[in-house]
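Let's take a friendly walk through a protein model, starting with its overall build and then turning to its charged side chains.

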Amino acid sequence: MFASGTKLYWDSFYKRASTVAKPSDFSRFVLKKIKKTPGFLLDVGCGNGRDIFFFLQNKINATGCDQSSLVIKKNNKLKKSFSQLDFCKSEINLKNNIDFFYARFFLHAISLIEEEIFFRNIKNNTHFSCQIFLEFRTDRDPLMSQGKYLSKYERFTDHYRRFINVDSFKKRIEKRKFKILFLKTSNKFAIFKDDKPEVCRVILSYKK
């Protein structure tokens with residue numbers, strides 16, 4: 001099953017959404033980890049670019065990609081640092097060597113098949129080594145009890161979500177030869193108004 005093919009939904013969503021918003025807590029967390037390390041960052045599934053604008057303001061060499069051509073056009077009107085790209089559809093070869101891959105609230109929006117393609121494309125676009133920064137909803141998130149049941153971990157509300165079991169994720173990561181540098185789950189990482197999702201915050205490293 002492929003989930004990221006909901007381009008029409010995201011085009012409609014970003015047509016209504018504001019272009020620039022307050023940066024996420026996750027971007028502030030990541031900035032502390034990379035601000036003294038030179039490198040190029042790619043935000044996969046960047047949405048309205050809120051975190052990329054934050055990184056650029058803090059002198060991080062960064063770009064963002066998203067499958068929604070509409071949101072990319074909106075972002076590029078402010079700063080030409082974005083590309084329309086579905087990172088999970090097929091093999092991708094980028095012009096730039098990526099040192100930092102960043103994906104907030106992206107992994108739980110793609111299927112398990114697409115997750116495999118996502119990590120394969122990370123390997124394909126790493127010359128020597130890289131770090132991967134992820135934040136995603138887990139199967140302990142209260143939102144999992146809502147929406148249409150698709151499978152044990154998949155639900156559909158206004159759009160598709162795959163709530164990730166952290167133990168299974170760790171096993172998949174080890175098989176893919178990535179190293180876990182940091183992993184922590186909490187309902188305090190991504191609080192928005194009354195919503196307190198149970199999310200996992202992860203830093204991975206990969207060396208060829």
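What follows looks at the chain as a whole and then at some of its salt bridges.

Keep in mind that this is a predicted model. The protein chain contains 6 helices and 10 strands. Its C-alpha atoms fill a box of roughly 40 × 40 × 35 Å along the principal axes. Of the 208 residues, 50% count as buried.

Now to charge. The protein chain carries 42 positive and 21 negative side chains. Side chains of opposite charge can pair when their charged atoms come close. In this structure there are 9 salt bridges, including these:

| Pair | Closest N to O distance |
|---|---|
| E115 and R162 | 2.9 Å |
| D195 and R137 | 3.9 Å |

Where does D195 lie? D195 sits in the loop between strand 9 and strand 10, and R137 is in strand 5, so their bridge ties together parts that are 58 residues apart in sequence. D195 is partly exposed at 34% relative accessibility, whereas R137 is buried at 7%.

Shared partners join E115, E116, R162, R172 and R176 into one salt-bridge network.

Conventions: Residues numbered from 1 in each chain as written. Predicted model: local features only at pLDDT ≥ 70, side-chain atom pairs only at ≥ 80, totals over all residues. Heavy atoms only, no water. Helix = DSSP H or I, 4+ residues; strand = E, 2+ residues; numbered from the N terminus. Buried < 20%, exposed > 50% of the residue type's maximum accessible area, 1.4 Å probe, protein only. Lys, Arg positive; Asp, Glu negative; His and termini not counted. Charge placed at Lys NZ, Arg CZ, Asp CG, Glu CD. Salt bridge = Lys/Arg side-chain N within 4 Å of Asp/Glu carboxyl O.
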